[in-house]
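Good morning, everyone, and thank you for making time for this. Please bring the sequence and the model up on your screens before I start.

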Amino acid sequence: MNNELTRRDFLRSSALIALGLAAPPWLAEIARADILKLAKGGKVSPDNILVVCQLSGGNDGLNTVIPWSDANYYRVRPTLAVPEDQVLKATDDLGFHPSMTAFKELYDQKQVAIVQNVGYPNPNRSHFRSMEIWQTANPDKVEAYGWLGKYLDNQAKAGSINPVVAIGLTQTTPVALKAKQVSVPCFASLADIRGLIGDPDEERRLREAQGGMADGSASTIREANLAALDAMSELNKVLQTYESKFEYNQDNFGRGFQQIAQIIATSAKTRVIYFSAGGFDTHSQQKDQHARLLQQFSDALNTFMKEMKAIGKAEKVTVLVFTEFGRRVAENNSQGTDHGSGNVLFVAGPQVEGGFIGEKPDLVNLDRGDIRWKIDFRQVYSTVLDEWMGADSATLFGKAFQHVPIF
Amino acid sequence: MTTREQVGHLLRRFGLGASKAELDFYEKLGVEGTVERLVHYEKYPLGFTLQLGKLVPVRDGRVQLNPAFVAQAWVARFLFTERPLEEKLTLFWHDHFAVSASKVTNAYMMLQYVNTLRAGANGNFRTLLENVSKDPAMMFWLDSQTNVAGKPNENFAREVMELFTVGIGHYTEKDIQEAARALTGWAWVPTRDFNRVRQDPEALSEILNTGAPLFRFVQRPGQHDNGVKTILGQSGNFDGDDVLRILLEQEACPKYLSHKLWEWFAYMDPEEKVVDHLAAVFKKNDFEIKPVLEEIAKMDEFWSKKCIRRLVKNPVDFCIPIARQLDIGTFLKPLFENPPEDAPQRPIGGLGGIYRAMSAQGMQLLFPPDVAGWDWGEKWISTSTMVERIRYADIIANPRSILVSDLGPAIVTQRGAKTAAEAADALIEICDAQISSQSRNAVIGAISANGGVEALSRPQSSAPAIQEALRVLFAAPEFHLC
């Protein structure tokens, strides 16, 4: 993994880009070849599926993966710290929040990689900017297209792309899925699809109403409408061919993962599914709400994994779980936590190397009260894109990032 | 442009769409008269009195007010008001000072918050900022009540800078921490009206109409940090009022607000000179809001091709004008002004559908997604929200509604439509639409396929044609621009 030559090349190539100079082609080629080599013998397959689960609001990583052996944790969190005897212990230092028994079960089955101290240079503590940074994979400037959008655009270069290759289970299109060429269909709920498509004559007229050419926002609207019509006619044919036998809780996570399972079970062409759930911005009275959310998330992920196994898809699915930032190490006076930076991130699925990646969080040497980041989130994205989706992240991001041993 | 066309542009931006009745009325006032009437709305009558107390559910002598009822009462105002800019501005401030009932579950607090926004919507931003900052819903939303000396909570301090006044990049993390210290000691208490209103539906009607406060702001000196703070270069034993004052003194503040107002009323991503010009007007008028609105309506850029019918409608811009153009308000108004004694004890009949449609399209009143409010422009557009917009036809043209059974025959008899094409054109005109010829053909096709003018002319058979014609019209890309 830690090929010294490769890393040095990476550093040189990124330094050149930082200077505004294009990397010489031979250097870029070497970096790319190394990335592909790293992926070699890996788990890339053309029908691999990536599920991205966004925890909106800034999940409190310290009360999710708990450094229970660290006295500093109990010192800075007098009311919020989880008592040592309640922590679901995973290692001699770390364990999970007591409401995450279902998650712990996956961890024990070596199905979860937990990447620690993840962040990016000059952490931004604004929800909106930090979320944008994570979704565009660019901390340096505001970008219109997302990291998955760039991946999809690159796929589209190779030829026509299926209208449901990526699906968002979101009401608005997250910038992560925004692409130059590809319009990703997003639905708040799969039930929306059945309401509109049915009569072929009416569908024809709805398409006719899109007109020929349009410019400006009208063209964006036209693309969204056509993407919706294309995705709906595609999905409408298949969605009803499978009925889940698994019971999910009726909360945002339960409903979300149930629909993700429905898509995977029926839509063979779909490779990226994006889902988000909120409520993690726990500035006050954090304890109960956070416990509830962690339980909902853990239960849903666990049931989903079971369902994937039952339908023979488990080996094809990897779930990436992220949030825009961690929270302040010390609790505030409202029994809550303010915005922070470095945090934990999860990658789940039978194909990951289960366990902890990176050091346990350092609660003493802080950056303005927050955990210092040690692993750039783009290292995780690059690993997943290259070693799971068979992409070339150095091209997509204009820069190669050292991989982390997730797979 | 004819006066009528100019008035149409003003109504789409400073009003709640251009219905035929409003076009007829404002056209007589001319462009200047229309701007005056819209902007200085406090001088003119509302045009309705809501008796919502008779509609609110009561159980065991207690009023059962929930945020959805408050939101639907607001939808009623959107439909009935003769001061359309008042509601459009209140919505702007709801977006700007976004507070969500997802956390502030107390419906009375949310009611007072909307009243605070409405009361100050076209007044002075300085006053509005102060009133909203000290509004209990805002204080609860951003944890001001637990921001106390020695243990500051940064939530409000951060957002008042990032989102309410100067915008990101015009302060440091240190400024936030210091401002949070200055803001310590803010709290609220319930007023006598709060207890009265929960027992008495009549009192609720009164509060809904007058906006009398149910909670009031108090300062708790014992919880205030009396140390010296340094905020944006100024030092002193500052309190929360000083924080607001210092923020309003920043050059970035009038610019930030002008940029946002321009994007709400004119177009996204304005040129720097447009923003600078408006910011100067804002500053010169000491944060008075009306002169800025009048200036927007005067500027060449507002009347340019880049502006007219080029802005993506938000879900309120989309749903409310259609309802007003189809006269749903007139049909519902008597129910609200003079509810029958046996009025159903459930959330407001007829408005729930519109409220839910706007929510599904991405704008749930009283429930903005987060403290940054909603994203505008093309951010309103996604496959999901567009599907919901097309399906708004099913809500408006519910086959059981009296409206639909009236609309078809009205198009045939009053407007004299003799062919499917003439009926389509009448519908397009009623909805103030400008769409491509292909879209128009699709609307004609929808009417023909559902029995044509023949079916439209009879109340009992007109619904399917209206419903599909509206679906197809709502699928036309240009229809979503205003």
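Chain A has a mean pLDDT of 88, with 89% of its residues reaching 70 or more. Two stretches of chain A need care: over residues 1–30 the pLDDT is below 50, although the stretch has 26 contacts in the model beyond near neighbours in sequence, and over residues 37–41 the pLDDT is again below 50, with 7 such contacts. Where pLDDT is low, the predicted coordinates should not be read in detail.

Turning to the contact between the chains, 43 residues from chain B meet 43 residues from chain A. On the side of chain B that touches chain A, the elements giving two or more residues are α8 (155–165), α19 (383–396), α22 (437–449) and α24 (463–475) of chain B. By class, the residues on that side of chain B are 17 nonpolar, 14 polar and 12 charged.

Within chain B, the domain assignment gives domain 1 (1–39), domain 2 (47–303) and domain 3 (315–480). The centres of domain 1 and domain 2 of chain B, taken over C-alpha atoms, are separated by 29 Å, and 8 residues of domain 1 are in contact with 11 residues of domain 2. On the domain 1 side of that contact, α1 (3–14) and α2 (20–39) of chain B each supply at least two residues, and the side as a whole has 6 nonpolar, 1 polar and 1 charged residues.

Finally, back in chain A, T79(A) sits in the loop between α3 (71–76) and β3 (88–89). Is T79(A) buried or exposed? T79(A) counts as exposed, because it has 11 C-beta neighbours inside 10 Å, and a residue is exposed if that number is 12 or fewer. Not counting residues up to four places away in sequence, T79(A) touches E331(A) and Q335(A).

Key:
Residues numbered from 1 in each chain as written. Chains lettered and ligands numbered in written order. Predicted model: local features only at pLDDT ≥ 70, side-chain atom pairs only at ≥ 80, totals over all residues. Helix = DSSP H or I, 4+ residues; strand = E, 2+ residues; numbered from the N terminus. Nonpolar A, V, L, I, M, F, W, Y, C, P; charged D, E, K, R; others polar. Domains from an automatic or database assignment. pLDDT = per-residue confidence, 0-100. Buried ≥ 20, exposed ≤ 12 C-beta atoms within 10 Å, placed from the backbone.
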